[in-house]
Amino acid sequence: MTQGGSGPLAAGAHGSSFSFARTTAVFVKEFQQMLRDRLTFAMAVLIPVLQLVLFGYAINTDPKNLPAAIVAADDGPLTRALVTAMQNTGYFRVVASGIGEAQADDLLARGEAQFVIVVPPRFEHDLLRGQRPVLYVAVDATDPTASATALAALSGVTSQALAHDLVGPLRQLQGGAPPYEVRVHRRYNPEGLSRVNIVPGLIGTILTMTMVMLTSLAMTRERERGTMENLLATPVRPLEVMVGKIAPYVVIGYVQLAVILLVARALFKVPMVGSFPLLMTMIGIFILASLAVGFTFSTLAKNQLQAVQMTFFFFLPSILLSGFMFPFRGMPGWAQWIGEVLPLTHFLRIVRGIMLKGSTLSDVLPDLWPMLGFMAAMGIVALMRYRKTLD
């Protein structure tokens, strides 16, 4: 029989007690190890800062200075007063006037104008005779949130716009019902359904997240497992490795796309107005751009955790600054500049234009070139980084 504090029972009792000294030693060791991983520590600090800046400064659900085109068949003093009153609300910025309806519709289809205000012939004549003429307003309703507040402000202008002009004998037109009627036509989304805007946008956001993450994890995992050395022992060139690694994920991206489009059509009744082959081509380019980003991250990350952190750091501004969740025109200038660099911004305009507006190749070219440029730039960086990794 053992005596005193000797023996395994005593040692077990001693080991079961909590030691602050041992805990502190483990804490110091773990903290030092975390500081050595500079990228992970930087992400832990930068991601909260990025969220605060984006949500605090860049996000605005009440966009103003929305582009509007004026088609005035009756350009008299009352019409000019009405247009001035609309601009004074701060929600409308006239980008074109003195044009025909066909030109205005083209601006609306290309996204260069959010509103088209049509003043019909004999507008002032009918207004002065108390016949309540109709003021037609066509709005690009592919993003209902972006135009809702502006339309509400337009309704408020109706009763006040001509208050300083309807004086003397015309004072009888004030009070009661407004002297004219505003008739709104919601183009491309007549019912103003938010899902018609969100579901096409989900194509881009889902592909961004999955393509970037899957590619970066796949390459980083090979290095962690040591299988990359076996690949390097073969005569395969860096470009061949890059293409071979990316190709399977292009197939996965199209499988995801098939599922999204099927659900969008079956459950949410999202229309498909434009060319389906054109949509498939644009999606293929976007997938390649996203995969190039993931491949670049894989050459920078030392482990899979860092690859995930980089993906999140790229995905967060993409989803917030692209116009997917919040109106793009409501963001400040610097945020729009960053958003214009991101491929998701241009892809959302393309996919919504094709599906909802029936946009053609010439219509999507202004957003296709930036996406192609981003894809080429990221592909070059990925290839250069991969060659450096091999060395």
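Student: Why is F286 called buried?

Tutor: F286 has a relative accessible area of 0%. Buried means under 20%, exposed over 50%, and partly exposed in between (1.4 Å probe, protein chains only). F286 is therefore buried. The model is predicted, so local features need pLDDT of at least 70 and side-chain atom pairs pLDDT 80 or more, while totals for chains, interfaces and linings use all residues. Residues are numbered from 1 along each chain as its sequence is written, and side-chain values use heavy atoms, leaving out hydrogens and water.

Student: What makes the F286 and F347 pair stacked?

Tutor: The structure holds 3 aromatic pairs. Here the ring centres are 4.3 Å apart and the planes stand at 15°. Rings of Phe, Tyr and Trp (its six-membered ring) pair if their centres lie within 6.5 Å; planes under 30 degrees apart are stacked, over 60 edge-to-face, the rest tilted. So F286 and F347 are a stacked pair. F347 is buried as well, at 0%.

Student: Which residues touch the most other members of the largest nonpolar core?

Tutor: I203, M282, I283, F347 and M355, out of 68 residues. Such a core is a set of buried Ala, Val, Leu, Ile, Met, Phe, Trp, Tyr and Cys residues joined through side-chain atoms within 4.5 Å. The largest share, 14 residues, comes from α11. A second, separate core has 24 residues, including L78 and Y91.

Student: Why is α13 called roughly perpendicular to α14?

Tutor: The axes of α13 (residues 333-341) and α14 come within 4 Å and cross at roughly 80°. Axes are lines fitted to C-alpha atoms, for helices over the stretch in contact; angles run from 0 to 180 degrees between N-to-C directions. Under 35 degrees is roughly parallel, over 145 roughly antiparallel, 65 to 115 roughly perpendicular, the rest oblique. So α13 is roughly perpendicular to α14.

Student: Which residues make that contact?

Tutor: G339, E340 and V341 of α13 meet P343, T345, H346 and R349 of α14. Contact means heavy atoms within 4.5 Å.

Conventions: Helix = DSSP H or I, 4+ residues; strand = E, 2+ residues; numbered from the N terminus.
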